[in-house]
Each structure stands twice: as structure tokens, then as C-alpha cells.
Amino acid sequence: MKVLITSNSFGKFDEAPRKRMLDLGWELLDNRYHHIMSEEEMMNEVPGVDAIILGSDIVSKRVLDKADRLKIISRYGVGIDNIDTAEAEKRGIAVTVTKNCNTEAVADYTIALMLATLRHVCNVHSSLQKGTWKKETGLDLCHKTVGVFGLGAIGRQVVKRLKGFECRILGYDIFADEEYCQREGIRLVSPQEIFKQADIITLHMPGNADGTHFITERELALLKPEAVIINTARASLIDETAMLQALRQKRIYGYGTDVFDKEPHMNPDFIGLDNVVCSPHTAAVSVEAVNTMSHAAVNHLMEYFGVTK
């Protein structure tokens, strides 16, 4: 049995998940490129593979056409917009996700991005590293109105943390749990109301199935000039070109993002902007989250193949 592991962080801090598979005599194939694989690279790797522990790499119809023995894709993470799930289902290939394994890590990181963007933490750090003592005045997170798009597991943990900052929470979710929102003091409003009222907007929702943007020039035009947007969800939710223009023109206060259109590359137009905080899709990568996700991904393979854990 061959298992392709595309995620570079899988089993990084704990050898047990990998050992569990090796002890069964399974052959493990690692990502030899050491980056998120392109469609062409994936097409080269999948022939003869029975299972994939998948990171953010693309599994399209073209990739599946080359996957002559593939039975299961164990997604190392929760987003499946990098997988042609309809094609996988048509071929009888199971798709699983490591649900709730990185919830705390992403929620923590979301708050970190908020604070870093509001208080210019990266700017002053960079100045000091260059030997310049330069203070920058930022904005408080405390008492702000925060619009949370997506009130699933991660969105709820972000709300929980924001309560410590005594923030007013506006929420939007197409499957909103009104009882939960009432209990937590979340005011459910339309997206347009959030764009108009929020001091901070944070995204915790999947990308649109058709690839269209959720936030475009139209939505950006509704924001306050002091507004901050945080994206630890999906790059496709935001029109990058429109966002870059708004940042250059200082039409919003700042943007904190962990995701980009052309990963593993960042649009070079972000370089040099002092009102953006960028990171390389690392929100979910804490030691605890990596260990939990690694074991969960292996559990899904063992469950599928009927192996005792």
C-alpha cells in the first residue's frame, strides 16, 4: 500500500503518526518538491498511489485521471476547494477532513493578526531590526465593532476570544444558529451592514464554489477609512487587485492576511506596503494543531481500510 503525503508539516513534531503507518508495512511517499505542488507535479506523483494525505495541493480531474489506484484522500486540514470532489465521488474515491483539529490555532492567529495590523507590530519590529527607534501610533482592539463572517467552529472561537476585549460582535452565516447568537450576544445582520458598521472584519468561511470574490471593490467602498480586514480563510474570498488598490490609496486602515491567490507565492505588490501584515498560510500551524491533524489524517486512512488503531 502506497501513501502519498503532500503536506510538509505532517508528523513534523511527532513521529508517531508516521510510525503507525510504517508499522503496517505501508510505503510512504513524501513531497519531494517541499512546496505546495502544482497540478503538473501532482500528476507526476499520484500514479500507483492508494491514498493521499493531502495539504493544499490541487487534486483536479486531470490529477485524478492519473491516480489509477487512488481510493481515499485524507485532507490534512478542512478546506476541500482544492479537490474536485464531484469527480472524486464519481470515481468512488473517499474524501475526509481533519475537522476541528486546528480550530484553536487559527482562532489564536486571527487575534494575533488583528493586533499586529492595528498596532503596526511588524513595522516597529522591522524598524528596530534596522537600528531605528521609531514609534507608530495604532488603534485599540478593545471595544471595537467586529464583523465575523462565518460562525462555524473557528468563527465561534474567535468570538470567544474577542469577548475578552469587550468587542461588539456583528455576525453573518448562511446557516446561522440563532440560539447560539442570541446566547453569545451576536447581532446577526446582512453583509452590507457589516461592511458599513464594522471596525474590523474577519473571514471564517469557505470560498465561493464558482471562484467569485466575496469582497470586491464594491464592498471595499462601503468600509470606514479606519476599517481592518483579516483573512485566515481563503484568498479567493477577496479580490486581491481591489484590495491592493484600497491599501495603496489608504482607503482602509489595514489588511492582515494569511492567504494569497497564487500560493506558494505572494503578489509582489504587497511588498513595501506599511498597512498590511502578511504570513505564508501558517495560521493552522502550531505544534499542537500539527500533532492533532497528523493523527486524525492517519485515523481516517485506518478507518477506511479497516485497520485497528
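Predicted model: local features only at pLDDT ≥ 70, side-chain atom pairs only at ≥ 80, totals over all residues.
View 1. The largest cavity has a volume of about 50 Å³, a volume being the space filled by probe spheres set on the points, which are joined across faces, edges and corners. Local features need pLDDT of at least 70 and side-chain atom pairs count only at pLDDT 80 or more, whereas totals for chains, interfaces and linings use all residues. Residues are numbered from 1 along each chain as its sequence is written, and side-chain values use heavy atoms, with hydrogens and water left out.

**View 2. The cavity lining.** Residues lining the largest cavity, with an atom within 4 Å of a point, include His120, Cys122, Tyr253 and Asp274. Helix H6 (121-129) gives the most to this lining, with three residues; helices (H or I, at least four residues) and strands (E, at least two) are DSSP runs, numbered from the N terminus.

View 3. All five residues of strand E6 (residues 145-149) are buried, that is, under 20% relative accessible area with a 1.4 Å probe and protein chains only. Thr145, Gly147 and Phe149 point one way from E6, and Val146 and Val148 point the other way.

**View 4. Strands paired with E6.** E6 runs parallel to strand E7 (residues 168-172), joined by five bridges, and parallel to strand E9 (residues 200-203), joined by four; strands pair if DSSP finds at least two bridges between them. Valine 146 has isoleucine 169 as its bridge partner in E7 and stands opposite isoleucine 200 in E9.

Notes
1 Å grid on protein atoms, 1.4 Å probe; cavity = no way out; pocket = protein on both sides within 12 Å on 5 of 7 lines; lining within 4 Å. Buried < 20%, exposed > 50% of the residue type's maximum accessible area, 1.4 Å probe, protein only.
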